[in-house]
Each structure stands twice: as structure tokens, then as C-alpha cells.
Amino acid sequence: MKVIGIADTTFSRIDMGAVAIDELRKTGTGFRVERVTVPGVKDLPVACKKLFADKNCDIVIALGMPGGEEIDKMCAHEASTGLIQVQLMVDRHIIEVFVHENEAKNEKELAWLAESRTREHAKNAFQVLFKPEKLIRMAGTGQRQGFKDVGPIE
Amino acid sequence: MKVIGIADTTFSRIDMGAVAIDELRKTGTGFRVERVTVPGVKDLPVACKKLFADKNCDIVIALGMPGGEEIDKMCAHEASTGLIQVQLMVDRHIIEVFVHENEAKNEKELAWLAESRTREHAKNAFQVLFKPEKLIRMAGTGQRQGFKDVGPIE
Amino acid sequence: MKVIGIADTTFSRIDMGAVAIDELRKTGTGFRVERVTVPGVKDLPVACKKLFADKNCDIVIALGMPGGEEIDKMCAHEASTGLIQVQLMVDRHIIEVFVHENEAKNEKELAWLAESRTREHAKNAFQVLFKPEKLIRMAGTGQRQGFKDVGPIE
Amino acid sequence: MKVIGIADTTFSRIDMGAVAIDELRKTGTGFRVERVTVPGVKDLPVACKKLFADKNCDIVIALGMPGGEEIDKMCAHEASTGLIQVQLMVDRHIIEVFVHENEAKNEKELAWLAESRTREHAKNAFQVLFKPEKLIRMAGTGQRQGFKDVGPIE
Amino acid sequence: MKVIGIADTTFSRIDMGAVAIDELRKTGTGFRVERVTVPGVKDLPVACKKLFADKNCDIVIALGMPGGEEIDKMCAHEASTGLIQVQLMVDRHIIEVFVHENEAKNEKELAWLAESRTREHAKNAFQVLFKPEKLIRMAGTGQRQGFKDVGPIE
């Protein structure tokens with residue numbers, strides 16, 4: 001039985017953690033979920049580290065919705081840098097799912113984008129953990145998460 | 001008995017450390033406080049590291065008030081990056097409370113914002129330490145610290 | 001028998017991993033290939049780390065095609081920073097092959113650039129591993145990968 | 001007997017190291033000084049690390065005068081990031097004293113600013129080492145080094 | 001007998017490694033040289049790390065010529081960050097000699113600048129290794145490498 005960690009935030013305007021868990025359960029079996037919620041994206045790196053250290057997770061999905069201001073971009077950058085450091089410390093993947101508020105043109109699209117991207121990345125996390133050979137077959141195919149795939153250049 | 005560390009600066013124009021301690025005491029019991037004050041935000045990472053290493057803190061609140069200039073933004077970025085590194089070294093949370101001078105339109109609002117954000121994050125720190133399950137119930141609810149919550153997208 | 005790792009992405013619009021393997025096979029012998037594909041460039045650092053740790057690679061080629069937006073530049077920066085950290089943790093080279101979408105003026109040139117740069121860097125990786133003295137003889141000769149070499153200043 | 005390290009540069013246009021040592025000697029006793037000078041600010045992190053490792057310093061003052069161009073800002077950022085990393089590796093403080101050439105409107109003011117900021121930070125270093133409780137009493141008082149204190153918001 | 005490492009690139013348009021070795025030999029004795037050449041500046045950090053680990057270098061000179069575009073600036077930043085990390089891992093100095101293509105107004109000046117800066121920094125490396133007390137005497141004297149020294153503020 002594998003363990004998949006879910007780390008999300010109270011800052012997000014969508015319950016991304018719940019969406020990720022729902023999608024994982026639709027995608028397959030052979031795992032259980034450990035979940036933690038923190039205030040914002042800068043709290044995610046240590047939250048993920050603790051999911052690996054304390055809960056023995058095999059992979060973690062880190063979900064956040066950074067604001068659209070310059071300072072929010074910097075917070076997201078610091079969080080992403082930390083998430084990569086965690087992965088290198090534990091030799092396990094964290095699938096980062098960040099949806100920036102200014103990627104969408106209104107609240108409705110933002111909610112759709114957050115849900116859609118979360119579901120696609122939950123599937124990615126499942127495949128990284130259980131079916132890595134399937135990802136090799138998708139190499140270079142222009143996959144996108146949330147918005148439409150752009151596809152390979154023919 | 002848990003230990004909550006408080007690290008703040010002489011650079012700040014509000015005694016954020018005192019506010020944080022006051023709010024923690026109003027929020028609950030079961031902890032004692034260790035406090036340190038350093039010149040500026042770039043001194044906070046090692047100050048926090050020492051609160052964990054020397055004072056055995058279970059969590060630390062790091063408080064600062066970066067200036068509004070480009071160079072101050074860079075200082076805050078360097079400090080934030082260091083604070084994340086510390087957390088990954090000790091597997092414990094640091095709740096960062098930074099209030100940028102240019103977030104407020106005058107001194108009065110700046111003082112209000114610094115106090116308000118500090119109080120809300122002191123509560124967050126308490127919950128991360130004592131009631132993490134409560135934060136899961138608040139996932140995706142659009143919490144903000146200082147300014148008004150934006151709330152979830154319905 | 002040396003081991004060369006290949007890490008690429010499903011985000012890329014060209015199967016850069018397959019191109020790299022093809023070029024390596026044309027360039028020489030004395031190695032076998034280990035390949036992994038991940039969703040995007042930010043997943044590459046830990047993928048490379050695992051190629052070294054789990055598959056005992058002697059060198060890794062990390063291939064990605066970051067988008068042309070500001071946020072994609074930041075992702076590429078975070079990935080590159082992580083790739084350098086991995087190298088310092090294992091004392092082995094990762095040859096990074098990133099092709100930014102906005103380096104080319106249309107899809108056709110982008111495909112050409114991605115293939116051309118991948119092939120030239122596959123040769124570089126081979127030389128770093130098997131013929132480092134040849135690279136010393138090329139020091140300061142203005143080599144470029146993909147676009148035309150600019151050559152030395154006479 | 002404590003050991004205070006002084007690391008400065010040949011790039012600076014003021015002998016900041018000498019000023020720091022002079023101010024330390026005026027401020028108190030109970031320490032001896034170890035000094036090193038390197039070419040530029042990017043050489044300071046390892047110089048400080050060696051002051052801790054080889055000379056057993058209890059605290060280090062790192063002094064530099066970055067130029068006013070964009071590239072100099074990046075050098076200063078890289079140096080600052082490294083200085084924070086050193087502190088986290090050794091659990092001891094480095095007091096960074098950087099004076100950017102474009103902070104002053106002419107050479108005379110630049111010299112004044114460099115000396116003034118160095119003296120104030122030398123006092124800070126002394127207090128961090130010998131009188132940390134005094135800094136807690138100054139929390140939130142709007143201290144500045146070099147230019148005039150802005151003071152607390154009443 | 002000390003060991004001085006030289007790491008440079010095939011990307012550079014001047015054989016900076018050869019210039020550095022020539023200058024070192026003119027400057028003094030008591031050392032031997034270990035040289036490695038890599039494709040670009042982002043390959044320098046691990047190359048330097050291996051010069052310390054595998055070749056037992058006491059100091060390394062890392063030479064590169066980043067391009068003038070925004071993306072090249074980011075590459076140089078990533079390389080510099082890595083070079084600082086290496087130094088902190090091994091407690092030895094790397095003297096970074098980067099010449100940005102857009103620092104010079106034409107090819108001729110670029111070649112002159114690259115050679116001149118390399119020679120001055122080769123002397124710096126020699127002094128850091130053999131005559132550190134001489135650098136203390138030059139503290140605050142406004143040294144520049146390549147272009148003319150600006151000198152101390154009187």
C-alpha cells in the first residue's frame with residue numbers, strides 16, 4: 001500500500017485538496033491518502049517535508065493558488081524553490097499544482113482552472129508513482145494541465 | 001509544554017513581537033514563549049534556526065516590516081528563502097509575518113495592518129501546532145491575514 | 001559500461017528524449033541508457049537525482065521546452081537551480097537542454113531548434129563523459145548549441 | 001574571550017573593515033578580532049565560512065560596497081543569499097553591511113554613509129553577541145543604519 | 001605544492017583558461033594547475049566541485065563569457081549561485097571571472113576585457129592562496145578587474 005500526501009492551503013479559494021483526493025480515488029487503487037492544510041504556499045515546503053518524514057509518503061501533491069500581484073509571484077517562486085529542495089532531500093516527487101489568480105479572466109474561470117489542473121496533475125502523480133513507463137510514451141506530446149493540450153509539433 | 005519562538009526586528013516600526021505574544025496568550029495555553037530580536041529581516045533566518053537549536057522551539061513566528069523600495073523587496077526575498085531553508089533543516093514550521101511598508105497608504109494603516117496580520121498569523125501558528133485538523137476544514141476558504149478574507153469561490 | 005540518463009517531459013512538443021538517445025547511439029559506444037519522463041521541467045531535478053541514486057547513472061541529459069511567458073521563465077529558472085543543486089550533491093554532470101518556445105519564430109523553427117540543440121548537447125554529454133580532453137581543445141571557440149556557432153574572436 | 005570576524009573587500013572604496021574594528025573597540029571589550037579581505041562581495045560567503053571554521057569566530061561582520069548597475073545588484077543578491085546559507089550552516093550570525101553606490105548622491109555622501117552604516121552595524125554585532133536582551137527592548141523602534149532612524153509609529 | 005584549478009567553457013569566444021594559466025605562471029611559483037573545460041557557465045559549478053573533490057585543488061578560477069540577452073543573465077546568475085554553494089561545501093575559494101558580452105562595445109574591446117579581467121583575477125587568486133595579508137592592505141581601495149580601478153574615496 002503506497003501513501004500519497006496532499007498539502008494545500010487556507011489561502012486558496014477552492015478546496016484543491018479535496019478535488020485532488022476525489023480524482024485520485026477515481027483514477028486507481030493501491031494507495032491511502034495523508035492530508036495537511038497550511039495557511040499559504042510558503043508553508044507548503046516544510047509541510048511536504050513532514051509528510052515524507054512523519055507520514056512516510058511516497059509522493060506528495062502540493063496545491064496552492066497564488067495571488068496576482070508581484071509580491072505573490074515572489075511568494076510562489078520561493079515556495080517552488082523550497083518544494084524542489086524537499087524533493088532533492090528525500091529523493092521523492094512532489095507534484096506542484098499552482099494556479100495563479102491572474103491566469104483566469106474571472107472567478108468562474110479561476111474555479112474551473114483550479115479544478116481542472118488539479119485533476120490532471122492528480123492523474124500525473126498517480127502515473128509517476130504507479131505507471132512511469134506510460135509517461136515515457138507521452139514524452140514530447142505537448143501536454144498541458146488545466147488549459148487545452150497544445151500537442152506535439154508534427 | 002510546547003515552546004513557541006518569536007523572532008522580530010528593531011527595523012520594524014511596530015513591536016510586532018509583543019503583539020504576537022499578546023495574541024498567543026489570548027488564543028490558548030500549553031506553551032511558553034522564547035523571544036529574540038535582531039536588526040533586520042535578513043538576520044531572521046539564523047535567529048530562527050537558533051531558536052530551534054538552542055531553545056528547542058516547536059514552531060517559530062518570524063516577524064518583519066520590509067521597506068517599500070526595490071532593494072527592500074530583495075532583502076525580504078532573501079530572508080524568506082532563508083526561512084524556508086531553516087524549516088527544511090529542522091522539519092518544523094516558521095510562520096512568516098512580513099508587512100511591506102508600501103502595502104499601506106499611510107502610517108496609521110501600516111500600524112493597523114501590522115497588528116492585524118500579526119494577530120491572525122499568531123492564531124495560525126497556534127493552530128498549526130495544536131489544531132492542525134481545524135486548518136484542513138478551512139482549506140480553500142480564501143483566508144487572508146490583515147486585510148479582509150476574500151472567501152471561497154462559490 | 002557507463003550509464004547515461006535521459007530525463008525529459010510530456011510538456012515538450014518534441015520527443016527530445018528520443019532525439020538524444022538517437023544521437024548518443026550515433027556518437028559512440030560503451031554506455032547504456034536509462035530513461036524517465038516527467039510532466040514538466042520542475043519535475044526534472046528529482047528525476048535526475050533518482051537516475052543517479054537508483055539507476056547509478058554517470059551523467060544525465062535533462063531536456064525541456066519551457067513556454068514563452070514570464071511565468072514559464074521562472075519555472076525554467078527554478079528547474080535550472082535545482083539541476084545545479086543535484087549535480088553538487090552527486091558530483092556528476094547534468095547537461096541541461098532547454099529550448100524556450102520564444103527562441104523560435106514559428107513551430108517549424110522550434111522543432112528544428114529543439115532537435116538540433118538536443119543533438120549537439122548529446123554530443124557534449126558524450127564528450128564530458130568519455131573525452132574531456134577534447135573539450136579543453138575547444139575552450140574559447142564560441143560554440144553554440146542549436147543556432148550557428150559564433151566562433152572565437154580573432 | 002569571544003572572537004569577532006571582519007570580512008571586507010578590495011572593491012569597496014572605503015576601508016570598511018578598519019572602520020568596523022575601530023567602532024568595535026570603542027563599543028566594548030571581551031573580544032579579539034580576526035580579519036580577512038577578499039576581492040569582491042561574491043567572495044565574502046566562503047571567507048565568512050572560513051572565519052567560523054578556521055578562526056572559530058563567534059560572529060562575523062561582512063562588509064561590501066556593491067556598484068550601482070543592474071549586474072552589481074545581482075552580485076549583491078548572490079552574496080547575500082550565500083551569507084544567509086553560511087549562517088544556517090554554522091548557527092552563528094553574520095551582520096551584513098552592504099552600501100550600494102547608488103544610495104548616495106555623490107562620493108562624499110557615499111563615504112559618510114559607508115562609515116556611518118558600518119559603525120552602527122558594528123554596534124549591532126556587539127549587542128547580538130554580548131547584549132541580546134537590549135535588542136528586544138528596541139524591537140519595533142524603526143532603527144536604520146547610516147541614514148536617520150525613522151522611529152516607531154506612535 | 002598547491003593545486004590551482006582552472007575551469008572554463010567552449011561557449012566563451014576567448015580561451016580564458018589559457019590566459020589564466022599564463023598569468024599564474026608569470027605571477028609566482030609553488031603550485032601546479034589542473035584544467036577542465038565544459039560547454040557553458042551552468043556546467044561550471046559541478047566542474048569546480050569535481051576539481052576540489054577529485055583533483056584536490058586548493059582554489060579554483062571559474063571563467064565564462066555569458067551572452068548579452070536576458071536569458072543569458074539568468075544563466076550567469078544560476079551559475080554564480082552554484083559557484084557560491086560549492087565554496088560553502090568545500091570551504092575553499094572559487095574566483096569567478098565572468099565577462100558579459102554586453103559589457104563591451106565591440107568584439108575587440110570584448111577580447112581585451114576578457115583577457116584583462118582574467119589576468120587581474122588570476123593575480124587575485126594567487127594572492128588569496130599565497131598572500132592573503134596583502135589583500136588586507138588593499139581593503140577599500142576601489143579595485144576593479146578589467147576596466148580601470150576607481151580607487152578609494154579620499
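This is a predicted model: local features need pLDDT of at least 70, side-chain atom pairs count only at pLDDT 80 or more; totals for chains, interfaces and linings use all residues.

User: Which residues point which way from β3(A)?

Analyst: In a regular strand the side chains alternate between the two faces of the sheet. In this case I59(A), I61(A) and L63(A) point one way from β3(A), while V60(A), A62(A) and G64(A) point the other way, and all are buried.

User: Which strands pair with β3(A), and in what sense?

Analyst: Strand β1 (residues 2-9) of chain A pairs with β3(A) in the parallel sense over 4 bridges, and among the residues involved, A7(A) has A62(A) as its bridge partner. Strand β4 (residues 94-98) of chain A also runs parallel to β3(A), joined to it by 5 bridges, where the bridge partner of I61(A) is I95(A).

User: What unit do β3(A), helix α3 (residues 70-90) of chain A and β4(A) make?

Analyst: Taken together, these three elements make a β-α-β unit that is right-handed.

User: Turning to the chains, how many residues of chain D are in contact with chain B, and which elements give them?

Analyst: The size of an interface is often given as the accessible area lost when the parts come together, but here we can count residues. On chain D, 24 residues are in contact with 32 residues of chain B. The elements that give two or more residues to this side of chain D are α3 (70-90), α4 (107-130) and α5 (132-137) of chain D, and α3(D) gives the most, with 6 residues. By kind, this side of chain D divides into 11 nonpolar, 11 polar and 2 charged residues.

Terms used. Residues are numbered from 1 along each chain as its sequence is written. Chains are lettered from A and ligands numbered from 1 in the order in which they are written. A residue is buried if 20 or more other C-beta atoms lie within 10 Å of its own, exposed if 12 or fewer, and partly exposed in between; C-beta atoms are placed from the backbone. Two strands pair if DSSP finds at least two bridges between them. A crossover is right-handed if, with the strands pointing away from the viewer, the path from the first strand over the helix to the second runs clockwise. Two residues are in contact if their C-beta atoms, placed from the backbone, lie within 7 Å. Ala, Val, Leu, Ile, Met, Phe, Trp, Tyr, Cys and Pro count as nonpolar, Asp, Glu, Lys and Arg as charged, and the others, Gly among them, as polar.
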